Amino acid sequence: LQYFTGSKEHNIRLRELAIDRSWKLSEYGLFDKRSNRRIAGEEEGDVYKALGLDYIEPELREGRGEIEAALRGRLPHLVGYDEIKGDLHVHTDWSDGSHSIKAMADAARSLGHEYLAICDHTKALRIAGGLSEEDLRRQSAEIEEINLGMDDFTILSGAEVNIDSSGKFDIADDVLRDLDIVVASIHSGFKQPEAKITERVLTAMHNDYVNVIGHPTGRIINRREPYQIDLQRIFEAAAELGVLMEINAFPDRLDLSDLNCLRSKDNGVKVSIATDAHHRDQLEYIEYGVATARRGWLGRNDVVNTYELGELRRFLKSR
């Protein structure tokens, strides 16, 4: 299990540590070269311990400094799959989703979630049945009514607003102000120059009511490359403004990527994990977002989905 988990670079570095001790490492275990005595291998953790390392979680085995960190006792405590308390971006049949608000909430609760953010598309995305200001007000009223009948679960009112070519939105600020969470995303103009796309996102982030930048690089795996964007400038602004970067857990996206998660952490940026589910079965994709966060060295404090509801509300309103 240990030998076949992780990258080539990770395993080469482990074998180097073994060779330094006149040992050899293979899929059969860790052995003394001279006596062929088995030193470790009953459990994968035994291999790391014998080599003088803290246990390295499978998601970190990429040859990106994790072995050096393990030698120094400096590995991060990764966010746990069981620490996620909710999903912060899903769609319903109010726009282009398949199910009602209540059905999505019931499905989320069955997964053990404590809250769910409804973030349907807004009116600029007519192809997706985007909502107008009045639609969002009516949807918020429905969410409030459903919440009255739920003792152990909370639905958050939100929207996924479209970032237009100038960085502005298609929904008025006085409506955004009353939502629990606002996700801002680019859905067009993917081939614009880096400077243009970067400025669009920076402009959006400076809106007082934006909490999250959705699928921040716009990639769709094997179908569309990330658009050109200066993520360093985005991360610096996000840290200053308290804007979250999304880990979109939908398998086609996984955006932010693991490497960009690590960069965001280095810049002091927090993330939200969201399935972007359009069907209740897709709520299970949340585990892919957690896996991506773990591959990006993120801990509990880096991921706002681990917050209790009250703490999350305070964070979202702190902007």
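Start with a cut-off: buried means under 20% relative accessible area, and exposed means over 50%. Anything in between is partly exposed. And keep in mind that this is a predicted model.

Now apply that. Is Y227 buried or exposed? Y227 sits at 6% relative accessibility, so Y227 is buried. Its ring partner is F190. F190 comes out at 24%, so F190 is partly exposed.

F190 and Y227 are stacked, with 6.0 Å between centres and 5 degrees between planes. The pair links distant parts of the chain, 37 residues apart. F190 is in the loop between strand 7 (181-185) and helix 7 (194-205). Y227 is in the loop between strand 8 (212-213) and helix 8 (231-241).

How many aromatic pairs does the structure hold? The count is 6. Another one of them is Y3 with F4, and that pair is edge-to-face. Centre to centre it's 5.2 Å, and the planes are 85 degrees apart. F4 is at 66% relative accessibility, so F4 counts as exposed. There's also a cluster: F250, Y285 and Y288 group together as one.

F250 brings us to the pockets. The largest has a volume of about 270 Å³. It's lined by 13 residues, and F250 is among the closest to its centre, along with I220, R253, D276 and H278. By type, the lining has 6 charged, 5 polar and 2 nonpolar residues.

Next, the second largest pocket, at about 170 Å³. Its lining has 15 residues. Nearest the centre are L1, Q2, Y3, E27 and G41.

You'll find N162 in strand 6 (residues 154-162). N162 has 8% relative accessibility, which means it counts as buried. What does the side chain of N162 make a polar contact with? The side chain of H187, at 3.0 Å. Beyond its sequence neighbours within four places, N162 also touches residues including T122, L125, F169, D170 and I186.

That's my tour. Over to you for comments.

Technical notes
Residues numbered from 1 in each chain as written. Predicted model: local features only at pLDDT ≥ 70, side-chain atom pairs only at ≥ 80, totals over all residues. Heavy atoms only, no water. 1 Å grid on protein atoms, 1.4 Å probe; cavity = no way out; pocket = protein on both sides within 12 Å on 5 of 7 lines; lining within 4 Å. Points joined across faces, edges and corners; volume = space filled by probe spheres on them. Nonpolar A, V, L, I, M, F, W, Y, C, P; charged D, E, K, R; others polar. Helix = DSSP H or I, 4+ residues; strand = E, 2+ residues; numbered from the N terminus. Buried < 20%, exposed > 50% of the residue type's maximum accessible area, 1.4 Å probe, protein only. Polar contact = N/O pair within 3.5 Å; in protein donor to acceptor, adjacent residues only side chain to side chain. Contact = heavy atoms within 4.5 Å. Phe/Tyr/Trp six-rings, centres within 6.5 Å; stacked < 30°, edge-to-face > 60°.
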